[in-house]
Amino acid sequence: MNKQQLAAKIWASANKMRSKIEANEYKDYILGFIFYKFLSDNEVSHMLRLGATIEDLPDALTESDQEIVQSLRSDIGYFIEYENLYSTWLKKGKDFDISNVVDALNAFSRLIGSSHKKVFEKIFDTLQSGLSKLGDNAPAQTKAVRDLIELIKDIPTDGKQGYDVLGFIYEYLLENFAANAGKKAGEFYTPHEVSLILSEIVADHLKDQETIRIYDPTSGSGSLLLNIGTSIARRRGDADKIAYYAQELKQNTYNLTRMNLVMRGVKPANIFARNADTLEEDWPLIDEPLFVDAVVSNPPYSAPWDPSGKENDIRYAKFGLAPKSKADYAFVLHDLFHLRPNGIVTVVLPHGVLFRGGEEGKIRQALVEGNYIDAIIGLPANIFFGTGIPTIIMILKKERIETDVLIVDASKGFVKDGKDNALRARDIRKIVDTVLQRKNIEKYSRNVPRDEIRGHEYNLNIPRYVDSAPPAEAWDIYASMFGGVPEHEIDQLHTYWDALPGLREKLFTSFGNGYATPVENPEHVISSDASAAVFRSSVADAFSGFKEKLVVSLVDGRHDAQVVGGETAIAADIFERLGAVPLVDEYSVYQLLHDQWLTISADLEMIQTEGEQATRRVVPNMVSKKVRGAETEVQDGWVGRILPFELVQERLLTAETSALREAVEELSAAESGLAELLESLSEEDKLDMAIMLNVKNDAFVVGGVNQVIREAKKERKDDNWDEGTPQAVAFLAKELLTVKSALTKTVKTDTAALHQHTKVTIENLADDQVRELLIAKWIEPLIDSINRVPGEILDTLTKQVVALAKKYETTFAELALETKSTKHTLSEMVSELTGSDTDMRALAEFSNLLGGE
């Protein structure tokens, strides 16, 4: 399994195991054990690097060997005795007991190195205090914990893949727990897509700095901090020059922050975390206040707070105090205070902070007049776990060249994901590009002068400055009465007419009075037009050599290709190629790349960690089946580690695959024939047939009808053979059953043979075959999707032209005539009806309403 499959498996199993424990609570247990496994395996790896062997560990990892104990406490920050290693728990099997965990966690707390106290002290408190909730008694708790440690034992920490796999699974579980925790999710998790927006904006701002300090005053799980650190490191190439400052109110989420930072490879010396109330207990002032290069936060929305006695608090004195019912601006001012002069703040807030009055209005005015607000990004509703309220990202800086405010309305860019909305890669990239380049985009973004904001009394509500609403549909009265399409509505398609010269005149013939007649067959006109052909060619020319370039860099260079950063480089190439191409939305093409990159990057990661043999490797296909009433994993054939069986069959085993496909189609035809025979019978004939044929499990089973079949065969020789008789149907059913039985055996045998042949083929692929298959899996789907783009754009134009023509196809006069004719017809039908006196009076009144006489 790759890391995505492994993470999904662990989540599915964990969700079943948690029984009645809330997802938000259960996460603390499973993530705590994952972290303990990380520490345990990390200690073993460190010992092996020092020259020890696995056999040495039972004697070496004991508290009695103080030299080893002190060495590990100094090197990695802690010591875990052999008896308390995660791997030792697994070896105990049925002898494992909940007391082993209790003893191990107590020992861990006692043996933390003095230089690592701030990172590891009390980090397992939540796990320790919650063990009792996993069962009503010690045996129940033992079983629950044994199941948990068995569940996560497959997470690889052998160094071949690095701890990114474990970190990925940790993040995957966090996100899924958040999705299932409802409103409580906001306490510990910011959706990854929102983190990416903040990360890219902050990383670009800090790209030229040598050392960087980033701070999250409401850190939750620490994922927001880590995503920003990852983006910065990707641009700089040196993750060790980043210091992480985190403060979190709740102890369990504070522990998550520290675990997450450690597991992602952040050095303990670069971790500064506090468990405290950010608004009540600011970062301790020792020599000077904490000042950082970037503050990122997603504080609780509109939470109450206590502003009393804080008038002279250095964080708020310059701007004022937020109202006690809504602490949003208290967090904003806290973030701004801790910023260095050339730093950046990115904070997620509820939409109301843009327009609410009172104290908040005064703070907003001070921020605008002080030139602190750099940009405001309106996000789609329903993208945060547990809340559907609209949110924004506010970007602030202490030193700005610009005096305007960039306002972005990104609320329409999303895809539905069940009941929620989700930002796509294209949406994220467009937001980031717009902010970094301060773009003015119609109905999307605008740099708003400060005077205009003053004119609106510092109300920053986004619709006041950027109208992203689609235009209301209007109906032209003249066209509705007399027909024709209004030319001003045709003008609204000007981007197409600019890019496809001469096409408008072929689709619409102008009356000369502001109206035009549409052509009868717009689909044919557009598809055959010369300008459309030129447009298709312009896209093809733009991507000339693109496939070959990808083959060289990704397929031929797969062992050295960039997994992190590779997508960014290819995206830059796509944007450059599309620079002069009209109509094509570069962000939609970027989405095609991103979707395909998920597959490419996962495969590259496996090839680069496991070697070229991964391309020729097949692994058991494990599926979940019920065995004796219990869900059990069993093998169901094989799957390619990198190369799918279906792809190999289509490209290299075409004859066998085609023959099997034909046999399957013939089998389907035989089954359909049997079903049609049954449908052709009357209910009485079906009773007769029931005597001759038994129906079981949707398959026909012949029973005691040999004599009937013989009679049917005799009758078939006669001229009076009637195919509709039960005997004839029975004969035909027998024939089809014979064919079906033979085909079923053939399909089963050939399927197994093809499956085995595919396995052997993958294991013995030649180098050129591997290359061909990787091109087919990685490159060709992307190229094919790009090649479809021009046709999809022209199809969209066709639909809009057809809709315009249909809109005014029938005039009011024609509708009136049709209505009159229908009323007359109905009135005549009513006049022919008879009934009682009351019925006739009612029908007469109805006729009058219809305009009859």
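Predicted model: local features only at pLDDT ≥ 70, side-chain atom pairs only at ≥ 80, totals over all residues.

Trainee: Okay. How many helices and strands does the chain have?

Mentor: There are 35 helices and 18 strands. The chain has 853 residues, and 48% of them count as buried.

Trainee: And what's the mean pLDDT of the chain?

Mentor: The mean is 88, with 90% of the residues at 70 or more.

Trainee: Where does pLDDT stay under 50?

Mentor: Over residues 695–713. The model still gives that stretch 31 contacts beyond four places in sequence.

Trainee: Got it. Let's pick a residue, then. Where is N255?

Mentor: N255 sits in helix α13, which covers residues 251–263.

Trainee: Is N255 buried or exposed?

Mentor: Buried, because its relative accessibility is 1% and the cut-off for buried is under 20%.

Trainee: What does the side chain of N255 make polar contacts with?

Mentor: One partner is the side chain of T126, at 3.1 Å. Another is the side chain of R258, at 2.7 Å. If you skip the neighbours within four places in sequence, N255 is in contact with K122, I123, D125 and T126.

Trainee: What about D28, which residues does it touch?

Mentor: Leaving out residues up to four places away, D28 touches T126, L127, N252 and L256. So T126 turns up on the contact lists of both N255 and D28, with contact meaning heavy atoms within 4.5 Å.

Trainee: Which helix is D28 in?

Mentor: D28 is in α2, residues 23–49. D28 is buried too, with a relative accessible area of 8%. Its side chain has a polar contact with the side chain of K27 at 3.2 Å, and a polar contact of 3.3 Å joins it to the side chain of N252.

Trainee: How many residues apart along the chain are D28 and L127?

Mentor: They're 99 residues apart, yet their C-alpha atoms are separated by 6.4 Å. For the whole chain, take the contacts with a separation of 6 or more: 73% of them are between residues 24 or more positions apart.

Trainee: New topic. What happens between α23 and α33?

Mentor: Helix α23 is residues 530–542 and helix α33 is residues 789–807; their axes come within 9 Å and cross at roughly 145°. The crossing is right-handed.

Trainee: Which residues make the contact?

Mentor: From α23 you have A532, F535, R536 and V539, and from α33 there are P790, I793 and L794. Six of the residues in this contact are nonpolar, none is polar and one is charged.

Trainee: How exposed are Y458 and L583?

Mentor: Y458 counts as buried at 12% relative accessibility, whereas L583 is partly exposed, with a relative accessible area of 25%.

Definitions and conventions
Residues numbered from 1 in each chain as written. Heavy atoms only, no water. pLDDT = per-residue confidence, 0-100. Axes fitted to C-alpha atoms, helices over the stretch in contact; angles between N-to-C directions. Helix = DSSP H or I, 4+ residues; strand = E, 2+ residues; numbered from the N terminus. Left-handed = near helix turned anticlockwise from the far one by under 90°. Nonpolar A, V, L, I, M, F, W, Y, C, P; charged D, E, K, R; others polar. Buried < 20%, exposed > 50% of the residue type's maximum accessible area, 1.4 Å probe, protein only. Polar contact = N/O pair within 3.5 Å; in protein donor to acceptor, adjacent residues only side chain to side chain.
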